[in-house]
Amino acid sequence: MVTMKNVVIVGAGHGAGQAVAALRQQQYAGTITLIGDEPWLPYQRPPLSKKYLAGELPAERLYFKPASFYDDAAIRLMLNTRVSSIDRDTRSVTTATGDTIGYDELLIATGSRPRTLALPGVDLDGVHYLRSIRDVDEIRAGMQAGKRLTIVGAGYIGLEVAAVATTLGMQVTVIEMADRVMSRVVSPELSAFYASVHSRHGVNFRFSAGLKGFTGTSHVQQVELASGEVIPADSVVIGVGIVPNVELAEAAGIETSDGVVVDDHCRTSDPHIYAIGDCSMHPNTLLGVQLRLESVHNALEQAKTAAANICGEEAVYCQVPWFWSDQYDLKLQIAGISQGYDQVVIRGSMEERAFACLYLRDGQLIAVDAVNRPKEFVQSKALIAAHARIAPAMLADSSIELREMS
Ligand code: FAD
């Protein structure tokens, strides 16, 4: 059994929930204090823009673990509590209400927040960002068949919201600064496929569009584009990326750089402080790059790594990143990082809505976007980890299993 005095976790989200579970699984017997500024137990955010938004899931089903788990594991839970500072000399954190809690090891799991827009009218009622259960409850209150929803940003969250809203019978317009959907992360081929699916469901797109602001008396009524076009709207959802919550670490003198900088043990520049999840900038030794990822898999795996190190193991985080997005009947599963690819191979059939885009750089498979092809996703993830080099013609040949190509 591992004995230790006191672990404090700041942020009670997805990564924190997994860290608590992993610490207890590792037989960590000391005290664990979990401090989060939201009122809920650690919960899963992915359903927020999917089934929870569609009204198909009650809030309790979002919880990472039931309340009884925290009781049974003797976790000191401090919800609705914001940590306002870290004092590294005294090894303690102070909350906004003035409580001071000492730690032997500190885990920063503060996640990220939506990037905000400084535009006229952005504070009007009916203009929303989407990060928490509360945000979705407010968005859903305005979602009714026939109402007009404008979405700013054609990334994952914007498109998932568009899929739910059109399915509910809303009139949806998506405004995007770039010239295609999901432009930051997928190839033009996949963007074109998703744009056409959404268009067939009635989504109206405005690409390469600048946003001037929002107008209305107290509630939003119109969205104004830089082109002069005015789009009537009953509500607006803004999904234009996230900002990592690094301020707490930064103020404590911990190294940050678009994220709290950690090593492959999830340890920050202070050996008694770890950071995981959306807020961490970490090395991926498998891919040879520094990354800050916004994905459940990353939060969960880093939580396990940090917990193991806190318990005295020398665990290293070394994973192929992966992510998923659900839109209509399409399950998109992404593995690897496609940035910098020089060739894309399509395997399967776009017409049949079951295919994979396989990305190569200098002949090496670096990433996959699989649409309704779970087998391709799993098998190519293994090939990416193995730095496999496979001829494009072979990759495209669906009669040969990917796993036979290693
Ligand atoms: P979070 O889960 O965000 O938890 C951080 C917590 O810390 C928050 O509760 C925050 O309020 C709190 N906090 C911050 N500062 C303080 C402070 N000073 N004091 C106390 N508490 C603090 N990922 C996928 O892989 N697939 C998906 O399909 C997917 N869909 C998503 C859909 C939506 C709508 C959103 C918002 C995210 C989605 N993600 C998805 C991303 C995924 O949810 C995140 O990567 C994951 O939640 C990161 O976990 P985390 O613990 O780092 O942060």
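Buried means under 20% relative accessible area, exposed over 50%, and partly exposed in between, with a 1.4 Å probe and protein chains only. The model is predicted: local features need pLDDT of at least 70, side-chain atom pairs count only at pLDDT 80 or more, and totals for chains, interfaces and linings use all residues. Residues are numbered from 1 along each chain as its sequence is written, and side-chain values use heavy atoms, with hydrogens and water left out.

**View 1. A74 has a positive phi.** Phi of A74 is near 55°, and A74 is not a glycine. Most residues other than glycine have a negative phi. A74 sits in the loop between α2 (67–72) and β3 (75–78). Helices (H or I, at least four residues) and strands (E, at least two) are DSSP runs, numbered from the N terminus. A74 is exposed, at 52% relative accessible area.

**View 2. N372 also has a positive phi.** Its value is about 50°, again in a residue that is not a glycine. The loop that holds N372 runs between β26 (364–371) and α8 (374–385). N372 is partly exposed, with a relative accessible area of 26%.

View 3. The ligand has 33 residues around it, and D37, E38, K50, R131 and D278 come nearest. A residue counts as near if one of its heavy atoms lies within 4 Å. The shell divides into 13 nonpolar, 12 polar and 8 charged residues. Here Ala, Val, Leu, Ile, Met, Phe, Trp, Tyr, Cys and Pro count as nonpolar, Asp, Glu, Lys and Arg as charged, and the others, Gly among them, as polar.

View 4. A polar side-chain atom of K50 lies 2.6 Å from a ligand oxygen. For G15, a backbone N or O atom lies 2.8 Å from an oxygen atom of the ligand. For W324, the backbone N or O distance is 2.9 Å. The protein buries 96% of the 1,000 Å² that the ligand exposes when taken alone. Areas come from the Shrake-Rupley method with a 1.4 Å probe. α1 (14–25), α7 and β22 (322–327) each give two or more residues to the shell.

View 5. α7 (residues 296–310) has 15 residues and reaches 21 Å from its first C-alpha to its last. Of its 15 residues, 14 are buried. Just after α7, G312 takes a positive phi of about 95°.

View 6. The structure holds 0 disulfides (cysteine sulfur pairs within 2.5 Å). The sulfur of C266 is too far for a bond, because the closest cysteine sulfur, in C279, is 10 Å away. C266 is buried, at 0%.

Methods:
The expected span of a helix is 1.5 Å times one less than its number of residues. A polar contact is a pair of N or O atoms within 3.5 Å; within protein, one must be able to donate a hydrogen and the other to accept it, and residues adjacent in sequence count only if both atoms are side-chain atoms.
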